[in-house]
Structures are given as C-alpha cells and as structure tokens.
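Take a walk through this model, chain by chain and contact by contact. Keep the viewer open as you read.

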Amino acid sequence: MGILAILIWVRDRTKRVTCLRIFIQAASVPLIFLGLIVGPFGLPQYPQVGNAPRDIVIGTEIFGRPFPDGLSVPVLACWYPSGRTVTCPVWQMQAYLYPFWETGVGFGWGIIYTTTGLERLAIVFGLVILMALLLGRAFCGWICPFGFYMDLLSYIRRAFRRPYRKLPDKVNVALRQLRYVIIAVFMILSVILGSQAIFGVQLVSGTEKGGYLYSYASAPYCQVCPMRPLCVLCEVAIGAMNSTFVFSHTKGLFYEAGYYITSINMAVLVFATISALAYRRLWCRICPLGALTGLFSRFSPFKKASFLRLEKDKEKCTKCGICKRVCPPQIREVYEKEGGDVTTSACILCLRCIEMCPYEDCLKVTLAGKTMFKSRNWLESS
Amino acid sequence: MIVAGIDMGVQNIKIVILHDREVIAKSIIPSGFEPRRAAEKAFEEALKEAKLSLKEIQHVTATGTGVEMAPYADSTISMIAADAKAGVFLYPSARTIIDVGAEESRVVVCDEKGTVLEFAINERCAAGSGAFLEAMARALEVRLEEMGALSLEAKGTVSINATCVIFGETDVVSLIHKREPKHEIARAIYDALADRITSIAHRVSIRPEVILVGGVAKDLGFTAALKRKLETEIFVPENPEYAGALGAALHAMNKAGGR
Amino acid sequence: MMMEKKYGVEVSQKEAEEIKSTIRTAYTRLIAEYIERMKKGWPNRPKVMDYFYEIADFKTREKELIEAKKEGKKVIGYTCMLAPIELILAADAIPVRVSSGWYDPAKIGNRVVPVEVCPVVRSTIGVALVGLSPFLELSDVLITPLTCDGMTKLSEIVGDYKPVWTICPPRLKSMDQAQAFWREQLIKLKEEIERFTGVKITANRLKSAIKLTHRATRTFRRLQNLRKGRPVIMGRDAMLVNQTAMWDDLERWSMKAEELCMELERRAKENVWACSPNAPRVMITGTPIIWPDNWKLPNLIEEAKPQGVIVADELCSGDRFLYDPVGVDEGTMDDLLDAIAERYLLPSTCPCFTSEKGNEDRVNWLVNRVKEWNVGGVIYYVYRGCMLYAMEYMRIKKALDQLNVPVYYLDTDYTREDVGQIKTRVEAFLEMLEARVEI
C-alpha cells in the first residue's frame, strides 16, 4: 500500500525510486525484527543467548532439512539480538564450523541440530549463492538495515546542509580490494579458532567448550562487526534485552568484552557512524558480506549467471558525469565503461544513477533480461 | 522514344539527341554572352542533323552551370547525376566518373544503375579545371591543342606549384627563364592539374572502373598525367565533352517513360 | 576605457557611424527578407512563430535590455555556450550571446587580423570595432571561454572594448585534475559575478536559476523530439526558435516554445506536415550557424529542388545549446557548483576537446541523432580557417560511413559570393539523397 502511495504521490522522477527504496528499507527493519513487534511480550528478560523466545524465525526447514537458525539472507540481519526472523549468513558460516560442526545442542532455547555442520554450511552457502544470483547486491541497497542506518545518517547530514565528502579514487579502489581480504581473514580465523571441526582438537587454548574464549571463538567476525552493537544497543534502549547481561563482561586478553558486545564492536560502530556522516555508504564499500554477495557481479563466469544486471547504451551516453557524481559508494565503472554490461561488485543497486540519468533508455537495470527500470528524460515530469 | 539533353556549360553549350538509347545527333556551340540564344542555335543545328523538328522531341532535360537559362527544358538534373548516368551508359562497368570541365571538376562514385553514391567538387577555384590549362598554355606560349602532344615527350624532370593559377603562372615563367625544355614544363603543367584532380578524388572512395569525361579528357597529355597520379587505368570515351548532355538525355528518357 | 588598446586599430567615430548606419539598414532589409522567405517556405505555420520572428530582428530585445539596464540590472554577454548561464541568472543579471552572425563586419575585422582567421571571430571583432551589435554594446562585461585558438585571441582583442572574464576549459576533460581545474575557475567566476552585480549567489538563487534552465531544456528537447518523425516544422524555423533562446528572456521563450510544441504535437496527430514527408532529411554538423546571414545554407537546403528538410543539427548554435540539464543531487552549494561545472564541460561535443578515443562524445551524439531522427544525409559545415572542425571530418565520416549515411564536406566563409556554388553542391546532394530513398 505504501509502495503504491509513493508511486502515485512522488512526481519528481529524480526522487521516486529513492523514496521507494527508503520506504522498503524502513519496512524491512520491522520485518527483520518482527518478534519485537508481534510478541510474545512480558517475558522475563533473562540473560539468554541464541534464539530468544521472541524470535519468529522463518525458514526453519529447508527442503525438508531442519535449519533451526532461520533463513540466511545476505544482509547484516544480526543473529545476536532477539525478535529476529532471519539470520546473518556470516554468523552461520562461522558458527557451523565451530562449535556446531556436529549434531547436538546449539546455543539457546532448546536448539538441537539434527544435521551435520557440513550440511548446514552447504545450505547457508546455497541460499546465499541463490540470492546473490537472483538479486545480487540489491539486498544491500534495498533491505540491509545497516545500509538503512547509513542512509539515515546521510539524511541527518543533509538536514544540516553539510556537503558530503568524496574519498580519493585510489583509496576507494583500495577499500574495495580490502573487503575481500577482510572476509578471507575472518574465515581463516574462524577455521583456526574452530579447528576442532577439521583437526579434531582446538589449536588455540581457551577456545574449547567452557574456556573463556569459547563464545568469541564461535564467531570471530561478529566481535568486530558494527551491526551487532547497533542492534543490541537499540534493543537495550527499548527494553527488549537485559542491559545487565549485555554489559556484564569478562576482561579478556586485550579487550573488554561481553557476550553481546565487545569494545572493538563499539569502536567499529562509532567509526562507521562518523564516517557515514561524511562519506556516503562508507561501510558498504568494505562490508565483507557485500564482498561475498558481490562475487557474482565480479568474476566473469559468475557474472554471466547473475540475473540482475546494469546495462548502458553506448550511443545514448553523453558522458555528462551525473551517474558518477550521484553514486553513493563512488563507483566509476558505470561512467567509464563505454557500454553494455556495467554491473560491478561494489554496486549496491540503489539505482540512483539510473534515476538521475537524463537521457532516455541510456541506463537500465534488467532482471533475467527483462528491463525493470530505465533512465528517463526526468525533465518531462516537472 | 526521342529525347534531348542540354548541357549549359560555362564555355560551351552541348546538345545530345537520343532515339531509343542511340545518339542520333549532337552539337556544340560556345556560350558567349547570351547562353540562351546560343543554346537555341545549338538545338537548331542538332535538330537539323537528326532531321527532326522540336515537336518530335518528347522530353528535354537540362543540366550544367547555366541550367536556369536553358530553353525548352522540361526538367533539370545536376551535373553530378548526369555524369553518373552517362558514365554507366558508355561503360557499364564504370563506377567512378571524373569530369574535368572548363571551370569546375567533379568526381562521382555511382552504382551499376548510375545512382550517385558519393561525389566531390573542386573547391571554388579554377586551378583544378580546364581554365588552368588555358592560362598555363598562354604562359608557355604554346597552343593548348599542341601542349598535350608536347608533354608526352617529357620525362618529368620539373614540377610546378598547383595550388593557385597565379602561382602556377609565376612558376612557368621562372622555369622558362631557367631554360627548362618546353616539353618538360608542359608535362609539369599536366602533372599539377592531375595532382589537383587526384586530391579531389581521394575525398571519396573511388572504385574501378574509372572513366574520364569533360572537355579536358580529349587532351592526351592530361589523361597520361592522370593515369600516372591516380595509379589506375582510366577509360576515356569518344566525345567525352558530351557526357553531361548525354546524361541529361538519358534522364529525359527515364522521365518520358522509356527505359 | 583609458587603457591603451592592445590591438591598436582605431576606427574614427565618423567612419564608425557611417558603417553602422549602412550596415544596419542593410540588415534590417536582410532580416526581413529572410523571414519572408521562411514564411513563404512554410505557409501553414502556427501563429506563435510570429513571436519568434519578432525576437529574431533583435529590436524588441534590445529595447528590453535598455530598460533593464536603466533599472540597474547588469547584462553579461558570452561568446561561447560553455559559459554557465545559471550563474548569470542567479545573480539577477541577463545573459546574452554575442557571437556575430553578420557577414559585412568580417571585412572590418580584416583590419585587425588576417583573412585566414575564423570568420566568426573576424566578424565579432568588426562588430566590436564599429559598435554594431546591440547586444555587445549593451553588455557590461563578457565571459569568454577559451575553447579554440580563435576564441582565445578574440578574448584579448574584444578585451580592448569590453571587460572580459576568461575561463579556460581543459581539452582533456576526462581527467580528474581537469574537472577540478574547471570547477575552480567557475567558483572564481561566480565570485566575480557576485562582486560585479552586488548580488550574493546563494544556493536558493542557484536552484531557481537551474529550475529556469530546466524548463527551457525540457521545452528545447521536446521541440527537437518533434522533428524525429515526419516534418511538422521546417528546419529553418526550428533552428531560429533554437537560436532565439540565446538572447531572449528564457522564461518567456520557454512559454512560447511550449505553445509551439503543443501546436506541433496536435499537427503530428492530425498529419499536418510542413513539407512533403518524402523530402530528404538532412542534418548539419560543424561550425556555428548564427542568424541572420548564415541562414544562407539552411535557405538553400529548404528552397532547393528537390526540397530538403533539416531535421537535426549538431551545432553549438542549435540543437546542442540547451540539450543537457544540470543534475542536482543534494542541493548544497558544493553539489550545485559540481553539477553546473560538469554539465557544461563533460557532455560537450566541441572538437576543441580530445580523448583517447578521439572525441567519441561527438561521434556517439551524431550516431544517436542519425538513428533516432532518421537522417538521410549529413552536411559537414566548416568555415575556412577552422582547424578543429576541418580536421575532425575524417573521423566523423568514417563513423557515419558505417551507418551508410552520406556525408558532404561543405566549406564556406562569411561571404555571399559563393551562394551559386553552394547551391550546385546542395542540389546535387539532395538529388542524391532522393535517389537513394527511392531504391
């Protein structure tokens, strides 16, 4: 209904799609954290971990195989907060390696894994691959709540009439390479800290079950991810999580950390927030989950398989530079490539370039070959 | 089907009368000060030769620089189109027609039906046409009719500047003072003109066969020089100065309904 | 102006007055004659065309500018369309293009520069020397983008008569440093304009100015789109409508042009054509064709036998002028200036720019035009003395040959003497196009 309202009310063609996108992003937040709205309420705020009683997890059965943590959607839909409906695949990839490699008890309220970690990992990868092939990084642009958070910060900046800043090109390109390094590092770390799955024994002391590093070893990336503190702090603020438990912590080796938040988490969140006030969608340029999803827009054989493509008509392009200027993650490929397929892995498919391109049919986004949205002479509607 | 074509050239008016694709009469008269009168006279002569009266001509097409002054014209076409039509009529394999006239030169590329594909005309200057030869012959103090044969004896030891008639004339005079042999200077003059024509020709994509028409095509010295510069075989039809009028007559044939 | 003239040539007051009055009378007659010919060529034209014919004789607008100046408004002239008019409009000043379209002053310009120089430049110099152009005279200052060699030296010469602000567009416009350089210059220009007019150019003022040019661009493109199908408007008239935007009040122009578009849209539906739908469709590309004298070629094309119709052009005095809009993203001052700087520099098809692929912006624009406007033949129009356009001919010809579109190189000058010769060539060309259509 909201979608229709926007499509009817917003006449300015240079804003319509963006309005739609913000609306869908905003709508995704309650959808992802549905449990907080729907209930059940009034439950004791126990210091519980894992699937809280208010999680309304969807996708608990995939192709008949039990998948208790829920559907993996390639957005930062953090596993840690309560009331969620889907799960962050990064957590799943780490946790199913260790400590949930075998069947048995999982974290939380009666979670029992009846399938092997390998099988569950396969399902996670399968789901992520499927979604990446279908919609690519459109998840990043249209659903991810952290993306929405950064867009909100942009709007706050605009309310104060401050201009945005641009990263120098070389730095931007370096960041794009960096995100592959980040995800690789954390995957490797996950294997090292979860070596029991492969080598039968924990290599790093303190990470075995009961050790004081146990909970951290289960998901090394989550200890630095900025989404976790954002979700957790928001939930503490609205009373959906118990603050005492969240903030009780063990003094670890080199950081202050609790089960739900570490100081590194906080530092990264603060950094991401402040930089998003100056640079648009900065986190998205280094997001490791984005790197994974974007793999299907990057390497040639996979590129051909992806369904969602950005295309450009060489002759209609006047090289006016508008697409390059309005792009939040500062992508240059759409401008610089002469024509044809201009999909890139850094693109979050916010479609701002298509919205702002003033030449008919020059840029378009296609799903399985069918044009979903193309650039128009936006002067026409005003 | 009897038709006629008139070429209102700057120097000469040419008439061609066609009877079912056969030339039955032609005439040529200098345009002088009153081209229209001259054209009427030329028409009279051609009709006499063909033993016809004006009424029996079904269609008359005019072409040439002075086309607005043509008498009896039922239709007009440009010299470009006329050249193309005449070209393929005379040589069915002709695809490039070079027409060097008294004051203008043209290069036309066409297809097998005589439809024009590309053309180029010399830039607003007489240096690329017959007028150049006339001026140079005067400077060399030979008769234009004799200069061609004279040049054929030469080996090509000297050259002259071809960008402008005035400069060309100065060059010729200085070569004479240097006692260069007349036949060499004559050849240099033809080479200069051929150079000019070649540079016009290269503005289009010339393709074989190349034929040369227009008054200057009768000059053997020029045809030799052009063959040298274009580096290709060039065919010259009989009576090349009538090409324009012939092309106009062929157009008249189309208009009158025949093929 | 107490400063000594750098280019030293003086014309005595008496002589200047004489020349001015002779030329002015001649031109009043010429403009009237050309307008008559256009009216004859399109007898069933819409009534609103009368407005554009009126603006075409410059007198109305001259009066308005005089009035505006009395009220304290400033008039800022410009010699090239790379000058950002939004900045001028935002400062409440009046922009007006001062390139000369008159042949006779070129002979006067020959006193200062050799005859081999670009005739547009020579004519503009002549016009400055004698005080012939109302718009040049009424301009308080000129913005002179240093696009080509001619423009660069013209800026110096005209600087002897009017204060000039120069901006230099970098030839390698795709480089980041080049764009930064251009943007810096526009910021300085903005400050100069603010100082001169006493008006602070705020983000809001800029946004209103952009809104105005957006409206003009919208109507401009609407008009050109109407020429894609069968001819509802004669090319000469469309070119005149396009050009009047360069000196007319933009808002009023937009209004009248919108009226014209609505009428033409109605005619398109009712199949009311301006000329035969089978007329060969011609596009002109090359050096600017400035009213009035340069209508020499458009007149020949549309009065020839067979009659051709000009359906599009790639001329900075024509279809290129208001084609690209300013893309406002967030609306902060930074963003607006970025948007304006990019709009003027990046999509420009002027051959003064170059790139690795050889000004592919112009090639792409032409190819797109040829396809969408169903162009039958292209006339490549170059003034003698223009190195840039002359040299790009081969590039354009090669690209258009691949589309099987004939291109004819037509060089001319600011003179009426070659009308006969151009007529022969144009008629041969149109004849050729007609024959091709029949195949």
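Two strands pair if DSSP finds at least two bridges between them. Helices (H or I, at least four residues) and strands (E, at least two) are DSSP runs, numbered from the N terminus. The model is predicted: local features need pLDDT of at least 70, side-chain atom pairs count only at pLDDT 80 or more, and totals for chains, interfaces and linings use all residues. Residues are numbered from 1 along each chain as its sequence is written, while chains are lettered from A and ligands numbered from 1 in the order in which they are written.

Start with a hairpin in chain B. Strand E7 (residues 105-110) of chain B runs antiparallel to E8(B), and 5 bridges join them. B:Val109 has B:Glu118 as its bridge partner in E8(B). Between E7(B) and E8(B) lie 5 residues. In that turn, B:Gly114 has a positive phi of about 90°.

Now widen the view to the sheet. In chain B, 5 strands form an open sheet in the order E8-E7-E6-E9-E10, with mixed pairing. Which strands stand at the edges? They are E8 and strand E10 (234-235) of chain B; each has a single partner strand, so one side of each is left without a neighbour in the sheet. Strands of a sheet pair through backbone hydrogen bonds, either parallel or antiparallel. At the E10 end, strand E9 (residues 210-213) of chain B runs parallel to E10(B), joined by 2 bridges. There B:Ile211 stands opposite B:Phe235.

In strand E8 (residues 116-121) of chain B, 5 of the 6 residues are buried, so the strand is largely enclosed by the rest of the structure.

Step back to the domains of chain B. Their bounds come from an automatic or database domain assignment. Domain 1 covers 1-91 + 241-259, and domain 2 covers 93-236. Their centres, taken over C-alpha atoms, are 26 Å apart. Two residues are in contact if their C-beta atoms, placed from the backbone, lie within 7 Å. Domain 1 of chain B brings 16 residues to the contact, and domain 2 of chain B brings 21. Helix H2 (residues 79-90) of chain B supplies the largest share of the domain 1 side, 10 residues. For residue classes, Ala, Val, Leu, Ile, Met, Phe, Trp, Tyr, Cys and Pro count as nonpolar, Asp, Glu, Lys and Arg as charged, and the others, Gly among them, as polar. On that scheme the domain 1 side has 10 nonpolar, 3 polar and 3 charged residues.

Chain C comes next. Its secondary structure comes to 17 helices and 8 strands. The radius of gyration (taken over C-alpha atoms) can be set against the globule rule, 2.2 Å times the number of residues to the power 0.38. For chain C the radius is 21 Å, close to the 22 Å that the rule gives for 439 residues, so chain C is as compact as a globular protein of that length. Its C-alpha trace spans about 65 × 55 × 45 Å along the principal axes. Of its 439 residues, 53% count as buried. Among contacts in chain C with a separation of 6 or more, 75% are between residues 24 or more positions apart.

How do the chains meet? Chains A and C have the most contacts among the 2 pairs of chains that touch. That contact takes 20 residues from chain A and 22 residues from chain C. On the chain A side, the largest share, 3 residues, comes from helix H17 (residues 322-326) of chain A. That side has 8 nonpolar, 4 polar and 8 charged residues.

Chain C also touches chain B: 12 residues of chain C are in contact with 11 residues of chain B. Helix H17 (residues 419-438) of chain C gives the largest share of the chain C side, 8 residues. That side divides into 6 nonpolar, 2 polar and 4 charged residues. No contact joins chain A and chain B, and their closest C-alpha atoms lie 26 Å apart.

Key: A residue is buried if 20 or more other C-beta atoms lie within 10 Å of its own, exposed if 12 or fewer, and partly exposed in between; C-beta atoms are placed from the backbone.
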